[in-house]
Each structure stands twice: as structure tokens, then as C-alpha cells.
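Student: I have a structure to look at and would like to learn how to read it, feature by feature. Could you guide me through it?

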Amino acid sequence: MHKYKTMHNIKRGLWFGFIALWITAANSALAAPEVRPIKFWDDSTPSSKLVPNHSAWQDILDKYLIDEHPSGIHRFDYDNVSADDERKLLEYLRYLQQLDPRQLRKDRQKAYWLNLYNATLVLYIVVREPVDSIRNLNRGPFWDAKRFNIALQELSFNDIEHGILRPFFTDERIHFALCRASLGSANLSAQAFTADNLEAQLDEAARNFVNHSRAVRVQGNEVVLSRMFKWNQDDFGSNNQEVKTYLKQYLPPEKGQQIDRATRVRYQFNWSLNGPE
């Protein structure tokens, strides 16, 4: 039993005052939405000196992220997040939503949106009843529900990814930076994103994911790829060969030759929760 179950009613008021109860649609994970720019967010302040403080998120990552798991997949110890740290994470997310990211430099905006997305999803899992798989929550519009209120604009997870990050930053590496709390997704970064470390972190995230078997695995004449590359073919390639070409930039030459020789391509994804087990 989840250790916070007895506190469910107490925490409900605090949590629902910040964000509605989240439940995910059965079909929401079957295909990624198309890019749909939200023009309101296509603005920045190049001369801005404002630097968001992501130290609270870093503290949470330092305490609860398991980044040396034998599986090679970063795990998060959701069940053992203390009540104090839960409040700290909640206050951090409130702080982010009180900012107007249009008043930031572009690189700081990018880090802002990535941290906001990942930290919010982590808090959601922490306060929920325990689940074995993100797909167990298929009872409502999870990714499209309006959970964020920033500059008087209501946003969903999909709005952030497909309405802001993809159209205005045009960087396919964001898919390796957004963690969807599942074993099949890219690793949750051990470091909070900041403008100073962002480029190096995105490169590292891409290389680490592509070189893990959950992303690319060769079995005889078949190459098994993460369904993430299929869902987001506009970013990685419009057909299997283009996806292979994209992947080869991160793979050692021998592995690149193996996927070139493969005559069949199959896609898969593991929605099991990225818990510590």
C-alpha cells in the first residue's frame, strides 16, 4: 500500500488547488499529435537577466532519482518522497507557473518548459495511488487536460510539447529530454536543465537513449526501434530509412551497419512505470 494513502484526503485539497485530478485517455499514447503552434508563446526577451531558480527540482532529483540502475534506465523512487519534499516540489511548480516565460531568453525558456513538464509529471505520480504502468490510468484525457495556468493561459502536457517546444525550438532532442514516467521513455535527467548545460545535456540524452536496447535493438534481419521514433516521424524521418539515418549519427559504426542491413523494422514501447524495482 502506498505510504501516503492515509493522507489522501488531506493532500487532496492542496493538490487540487494547484492542478486537477489527472487521468489519461486510452488512446492518447497511440500516436503523437501533430505540431500545433500556440502563437501566444512565440515570443522571448533576448536582453532578459531573469534566471529561473531550478534548485528545488535539483534537490528532488538528487534525493530520489536512481541514475545508476543496472538496467541502464533511470528510475525514480516515487513511494519514498517525503511529505516535506512533496511540498517543496509543489511550491517549485507554483513558482514556475507564476513566471511569464516570454520574459526569458530563448535558451532559458527551453530549460523552463522541459523542467516544468518533467517535474509536474513526477509530482503527479507521487500523489497518485500506486500504478504499475502509465497505461493503467487510461480513464480520461491525461495528456490533453489543461493542468497548467501560466500568464493566464491554460496549457496541457501536449500543448507544451507540440504547441511550444516542437514548433518554436525545432529541436528533435526534446524527445530525449521529456520523461514520460515509463521504462520505454527517455531517461529523466539527473540534472535540472539550465541554459548553461542544456546543449550538452540534450546531446548526452540523445546518445544515451539511442544506444540503449529499448531504443534500438537488432535481432537478425530485424531492427526493433522505440515507438517514439514512429510517433514523431516528422522529427526523426518520414520513413524507416530516414529514421535509421537519423539514429546512425549517435550509434557506433558497427551498430549503424547492422541496422542498415536489417530488412525489417518493428516498433515497440514499454509503458511500465519507471519505479525503483
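**Reading a hairpin, a sheet and some helices**

Tutor: Let us begin with a hairpin, formed by E5 and E6 with two residues between them, where glycine 220 in the turn has a positive phi of about 65°. Please keep in mind throughout that this is a predicted model.

Student: How many bridges join strand E5 to strand E6, and do they run parallel or antiparallel?

Tutor: As a general idea, strands of a sheet pair through backbone hydrogen bonds, and the pairing is either parallel or antiparallel. In this structure E5 (residues 216-219) and E6 (residues 222-226) run antiparallel and are joined by four bridges, with arginine 217 standing opposite valine 224 in E6.

Student: What is the order of the strands in the open sheet?

Tutor: The order is E5-E6-E7, a sheet of three strands whose pairing is mixed. Strands E5 and E7 (264-268) stand at the edges with a single partner strand each, and therefore one side of each has no neighbour in the sheet. From one strand to the next the twist averages 25°.

Student: Which residue in E7 does valine 224 stand opposite?

Tutor: Valine 224 stands opposite arginine 266 in E7, and E6 and E7, which run parallel, are joined by five bridges. Helix H11 (residues 253-261) packs on the sheet, where it touches E5 and E6, and its direction makes about 60° with that of E5.

Student: How do helices H2 and H3 pack, and at what angle?

Tutor: In general, two packed helices are described by the angle between their axes and by the distance between those axes. Here helix H2 (residues 55-64) packs with H3 at an angle of about 145°, and their axes are 9 Å apart; the crossing in which H2 passes H3 is left-handed. On the H2 side the residues that meet H3 are Ala56, Trp57, Asp59, Ile60, Lys63 and Tyr64, and on the H3 side they are Asp85, Lys88, Leu89 and Tyr92. The residues of this contact divide into six nonpolar, no polar and four charged.

Student: Where is lysine 88 placed, and which residues is it in contact with, leaving aside its neighbours within four places in sequence?

Tutor: Lysine 88 lies in helix H3 (residues 83-98), and beyond those neighbours it is in contact with Ala56, Asp59 and Ile60. Lysine 88 and aspartate 59 are 29 residues apart in sequence, and their C-alpha atoms are 9.3 Å apart in space.

Student: Why does lysine 88 count as partly exposed?

Tutor: Lysine 88 counts as partly exposed because its relative accessibility is 29%, which falls between the cut-offs of 20% for buried and 50% for exposed. Asparagine 158 in helix H5 (residues 157-169) is buried, with a relative accessible area of 6%. Leaving aside neighbours within four places in sequence, asparagine 158 is in contact with Pro33, Arg36, Trp143, Asp144 and Gly163.

Student: How many of the 22 residues of H4 are buried?

Tutor: In H4, 20 of the 22 residues are buried, so this helix is largely enclosed by the rest of the structure. Its length can be checked as well: helix H4 (residues 106-127) should span 32 Å at 1.5 Å a residue, and its end C-alpha atoms are 32 Å apart, which agrees.

Student: What does the secondary structure of the chain come to?

Tutor: The chain has eleven helices and seven strands, and buried residues make up 52% of its 277 residues. Of the contacts in the chain with a separation of 6 or more, 76% are between residues 24 or more positions apart.

Technical notes:
Residues numbered from 1 in each chain as written. Predicted model: local features only at pLDDT ≥ 70, side-chain atom pairs only at ≥ 80, totals over all residues. Heavy atoms only, no water. Pairing = 2+ DSSP bridges. Buried < 20%, exposed > 50% of the residue type's maximum accessible area, 1.4 Å probe, protein only. Contact = heavy atoms within 4.5 Å. Axes fitted to C-alpha atoms, helices over the stretch in contact; angles between N-to-C directions. Left-handed = near helix turned anticlockwise from the far one by under 90°. Nonpolar A, V, L, I, M, F, W, Y, C, P; charged D, E, K, R; others polar. Expected span 1.5 Å × (residues − 1).
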